[in-house]
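User: I'd like to go through a few labels for this structure and see what backs them up. Can we take them one by one?

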Amino acid sequence: MTQEIAVLMEISAPSLDYGLLAPVLIVFGAACVGVLLEALVPRGGRRLTQAILAFAALVAAMVMVGINASSGARVVEAVGSIAIDGPTQFLWGTLILLTAMALLVFLDRDVDDSHFAPSAASVPGSNQEQEAQEAGHAHTEVFPLALFALSGMLVFPAANDLITLFVALEVLSLPLYVLSGLARRRRLLSQESSLKYFLLGAMSSGFFLYGITLLYGFSGSFDYAGIADAVVNPTQPTGLLIAGLGLLGMGLLFKVGAVPFHSWTPDVYVGAPTPVTGFMAACTKIAAVGALLRVFFVALGSARWDWQPAMAVVAVMTMVVGALMAITQTDVKRMLAYSSIAHAGFILTAVVGAYQTGSGAPDGAVTSIQSVLFYLAVYGASTIAAFALLTMVRDRGIEATNLSDWAGLAKKSPRVAAAFGFLLLSFAGIPLTSGFIGKWAVFAAAWGGGYAWLVVVAVLVSLVTAFFYLKVIVSMFFAEPAESSEVVEPSIPTLLAVAVGVAVTFVAGVVPGPLLELAAKAGEFVR
């Protein structure tokens with residue numbers, strides 16, 4: 001008994017640098033406070049209160065990211081579980097800013113015409129739901145749910161061990177499962193998307209956990225550094241390593257939306273409330289790609305000859321399937337969903353190249369990490385703006401996503417058509433847009449890494465993707481206007497989100513130097 005007491009007395013509290021961890025703590029704390037506000041604040045004042053709290057938390061978190069980034073910290077914090085380095089700070093800043101853009105779209109319209117169901121727990125079309133709608137009720141807990149998801153997204157790319165990585169995965173996923181089922185219109189479709197996302201997400205988490213156990217069996221460690229050491233000096237059969245990285249990669253690629261783990265993406269994107277779709281399409285992809293980079297570059301970097309060929313095949317399938325399926329779509333929202341799959345393939349080309357300054361890259365070369373960081377930032381801004389524009393085109397009060405409803409849109413609202421057309425040109429990679437610079441950067445990184453053939457495939461697929469983007473543009477500007485559709489006047493927050501997205505797309509395409517330099521200064525991952 002005395003020995004047990006002595007052992008307990010020797011255990012000391014871990015030393016934490018709360019300043020470096022402040023962005024995550026601020027966002028998570030605000031989400032917890034937001035849950036309390038749902039119980040304490042009268043229904044009529046919840047929307048404004050939740051919005052003020054959410055944006056205040058995002059501003060405070062962004063300020064702390066700026067302060068920490070200026071210090072140039074490169075440390076592993078929280079008892080070795082979270083890595084604070086340049087890529088972490090860049091991804092944190094990007095996620096916070098894009099979440100702010102997404103929450104602006106969450107605020108669109110007044111309480112009586114919200115994007116979110118007045119009573120999601122009620123049976124669609126029931127008397128209870130009708131009464132809640134007539135009373136002007138709205139789901140204001142979408143703000144704390146989004147903050148909970150963001151807190152998981154912040155930890156996901158910064159995780160430095162597999163346990164923290166899995167916890168972050170679940171924290172970011174669970175709120176998204178709920179948010180996907182809260183659409184005010186097309187309630188059954190929304191609930192179906194939520195259920196499908198949950199079931200497939202749970203299955204992918206199972207593969208993810210199995211991969212963690214195999215990697216632990218191979219290395220005897222959950223830490224990325226311990227796994228990296230075991231890869232260099234193996235003491236267990238390499239079969240455990242191959243199977244482990246394969247299963248772990250499946251879980252990560254599911255969140256990225258890569259083929260063949262993409263089946264959830266079109267249905268969930270279409271069924272979820274459009275502001276949530278934009279939030280998921282931008283921020284979830286950023287967090288997942290960031291986590292993928294850290295796992296495969298830090299923990300499994302020495303095993304690159306094992307995972308690069310498989311990742312190259314996944315990249316090709318993702319680009320080709322995303323592009324070919326997008327061509328056949330007549331629904332604009334579903335087309336953007338398959339477009340996001342194709343863009344995931346373009347991002348993976350840089351990951352496959354694994355081109356880093358430490359691996360012989362000449363001075364001034366675009367590295368894989370730099371190119372991916374730039375691509376994620378500009379693609380996220382364009383994506384949220386594009387989905388925000390989708391909310392403005394209506395057919396009898398419901399979002400008009402059929403391509404025929406967008407015919408002749410330029411004659412009804414030249415500004416909306418011009419903004420959406422410009423964003424589509426960026427997705428296609430047309431010069432003078434951020435999409436062109438982003439594709440050039442990831443292709444340059446893949447080329448430098450010795451995957452010239454993959455770049456050739458990516459360029460050819462880019463030509464295919466340009467077809468369906470131009471198809472929408474031609475329909476908007478040169479077809480006869482659809483009679484049933486109309487363009488509603490959006491709220492100021494939505495206009496602000498669209499303006500920011502379009503501005504970033506234009507400025508980063510014309511003057512990409514500052515953002516590319518910022519991504520370059522992020523440097524490599526701390527090991």
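User: Let's start with T99. Where does it sit, and why is it called buried?

Analyst: This is a predicted model, and in it T99 lies in helix 4, residues 86–106. The relative accessible area of T99 is 0%, and buried means under 20%, so T99 counts as buried.

User: Which residues does T99 contact, leaving aside its neighbours within four places in sequence?

Analyst: With those neighbours set aside, T99 is in contact with L58, L150, F279 and C283. Each of those contacts means heavy atoms within 4.5 Å.

User: What makes G34 buried?

Analyst: G34, which lies in helix 2 (residues 18–40), has 0% relative accessibility. The cut-off is under 20%, so the buried label holds for G34. Not counting residues up to four places away in sequence, G34 touches Q50, L53 and P144.

User: Why is T349 called buried?

Analyst: Its relative accessible area is 0%, and anything under 20% is buried, so T349 gets that label. T349 is found in helix 14, residues 332–353. Its contacts beyond four places in sequence include A315, M319, V442 and F443.

Methods:
Residues numbered from 1 in each chain as written. Predicted model: local features only at pLDDT ≥ 70, side-chain atom pairs only at ≥ 80, totals over all residues. Heavy atoms only, no water. Helix = DSSP H or I, 4+ residues; strand = E, 2+ residues; numbered from the N terminus. Buried < 20%, exposed > 50% of the residue type's maximum accessible area, 1.4 Å probe, protein only.
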